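Work through the following exercises with the coordinates open. Each one gives a task and then a stepwise solution.

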Amino acid sequence: MNATARIVKDKKSEIFELWMKNQLNDDGLREDLMNNEDLRIQSEELLDSLAIALNTTDITDYDSPGFDTVNEILAGISGSRAMHGYSPRETGLYVLSLKRALLDILQIELAGQTDLLYQETLKVNNLVDSFSITTFETFIKGREEVILRQTDEIAEISTPVIRVWDGILALPIIGTLDSSRTQVVMENLLQEIVATGSSIAILDISGVPAVDSLVAQHLIKAVSATRLMGAECIISGIRPEIAQTIVHLGIDLSNIVTKATLASALKFAFNTMRLEVRRKTVNA
Amino acid sequence: MILSLKKDLIKINREQDVVLLRNRTKEFAVKIKMGLVNQTKLITAASELVRNMLRYGGGGEVSVEAVTKGRDNGIRMIFKDSGPGIADVNKAMMDGYSTGKSLGLGLPGTKRLVNEFDLKSELGKGTTVTIIKWANG
Amino acid sequence: MERIPILKMGHFLLVTIQVDLYDRLAMDLEANLIREVNRTGAKGVLIDISAVEIVDSFMGRIIGNIASMSKLLDAQTVVVGMQPAVAITLVELGLELPGVHTALNVERGMELLQGMIISDDIIIDDDDDTFPEKGFDKDQ
């Protein structure tokens, strides 16, 4: 067992009290978010698990399974702190304050053995640094999960396929069209064409903020796929500024039927299907 | 880091082996819960590559493999032949280029269907193409 | 030997592809179909691919060939029932089957062919009658 491991084991309560004292004296203490009793419990659990890990595993092997429990507890702390409204900086400082306490005790215990103190300080530094990285990773992972879930939700709710008439579908597209979104739109559109036997689909892009050459390419793909299935695809909702960008970028949409509004696209669809909308005559 | 879960080797000597390969690829793709569109893209890509293999490489061997990377599952396929090889790989990857009488969108089109595409070729020794399609890719 | 049946329905030929196509089978289909178009004097060819899960560039080329060859023999080709996943894949592959007509199902395909044959038979070109002009033509 190396020097630090022995010191952590023998002087655990001193380290703990020093760490707590540092934390409680710190200006950044968030008593509004967590009371001191909970903070004590949390910190004690972490230090206990660290002592156990150091007992069985070498201090330099902080990536090995021996430290899994410590890392799990850290991840738990990071996650719950994030939920309670701690900033990542505050959580980071919490973990780093443990380093301070550990080093202070090491300095006392290894007084006079400069070489050993230097070696052990390095090791403790590396260990606690790796802990703080773990907390950051957990924090980011938590955020990423939220983002991923929201992306999925947005993709699902933002592409409704509406049956505007027997044989005519409309898809109002809202937001930016990227390639994964196009994939979802296309799949929904084509499946609905099969399910309803529709022969005309209107893609309305009034809600698309900008059309660059990539978005245009995605639109062209959707139109081509619809045609391969045996249906026609009209693009409507082209605002003047979008018409300008399309031409300035040199995008060729000449093979695609485009309309300014959903209403005129619908009129075109009626014409194609040989349908007519007429005002009712009241008196025969 | 990409880890391998399950692997299968299929020898390709005749045209009918293409059907066998498609079916095996589908089995693997279904097992990792790949969506229908991505399945179709993967199998179409495999179909293109195996046809090249028969036409230019005189057959060869294909490995189908379920792989995992972090949270993603995917299918990796390696197409290996000992044919004449491709003289100019960059040229072969351009749209519209072909030495055979196909439509000339074999390789670049295939690349668009998958998430990862790697082609290594040595003149006189053969060609190896590796593709990966992620289940949610 | 495997063979894909070709059915004659009035002026049209109907092919339903239900097996996995490998190259030889597809090439045989091309040859047989063209022979049948010639023998029967069919005006249209319907290829139903609703059961086909994979269309790669080779298959695409065969379908394109059938359409071009039939056209030389004065018959139109309509591909019907393409699966959404197949359509998306073909577009990504860059294969958009130019010159081939498409329809959602066999019934719609038939209607499309009927329409094309009628417009073929009637030579009078009555343009687009969706915007009828009222009365005032010559006097201006």
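The model is predicted.

**Exercise 1.** Describe the order of the elements in chain C.

Solution. Begin with the count: chain C has four helices and five strands. Read from the N terminus on, they follow the order β-β-α-β-α-β-α-β-α. Then turn to the contacts in chain C with a separation of 6 or more: 71% of them join residues 24 or more positions apart.

**Exercise 2.** Characterise the interface of chain C and chain A by its residues, buried area and polar pairs.

Solution. Step one is the residue count: 17 residues from chain C and 17 residues from chain A take part in the contact. Step two is the area: the two chains bury about 1,500 Å² between them, with 67% of it on carbon and sulfur atoms. Step three is the polar part: five residue pairs are in polar contact across the interface.

Step four assigns the chain C side to elements. Helix H3 (84-93) and strand S5 (101-103) of chain C each supply at least two residues to the side that touches chain A. The largest share, six residues, comes from H3(C). By class, this side of chain C has eleven nonpolar, three polar and three charged residues.

**Exercise 3.** Which residues form the salt bridge, and how far apart are the closest N and O atoms?

Solution. The count between chain C and chain A is one salt bridge. C:Glu92 pairs with A:Lys221, and their closest N and O atoms are 2.8 Å apart. The cut-off for a salt bridge is 4 Å.

Technical notes:
Residues numbered from 1 in each chain as written. Chains lettered and ligands numbered in written order. Predicted model: local features only at pLDDT ≥ 70, side-chain atom pairs only at ≥ 80, totals over all residues. Heavy atoms only, no water. Contact = heavy atoms within 4.5 Å. Buried area = accessible area lost by both parts, 1.4 Å probe. Salt bridge = Lys/Arg side-chain N within 4 Å of Asp/Glu carboxyl O. Polar contact = N/O pair within 3.5 Å; in protein donor to acceptor, adjacent residues only side chain to side chain. Nonpolar A, V, L, I, M, F, W, Y, C, P; charged D, E, K, R; others polar.
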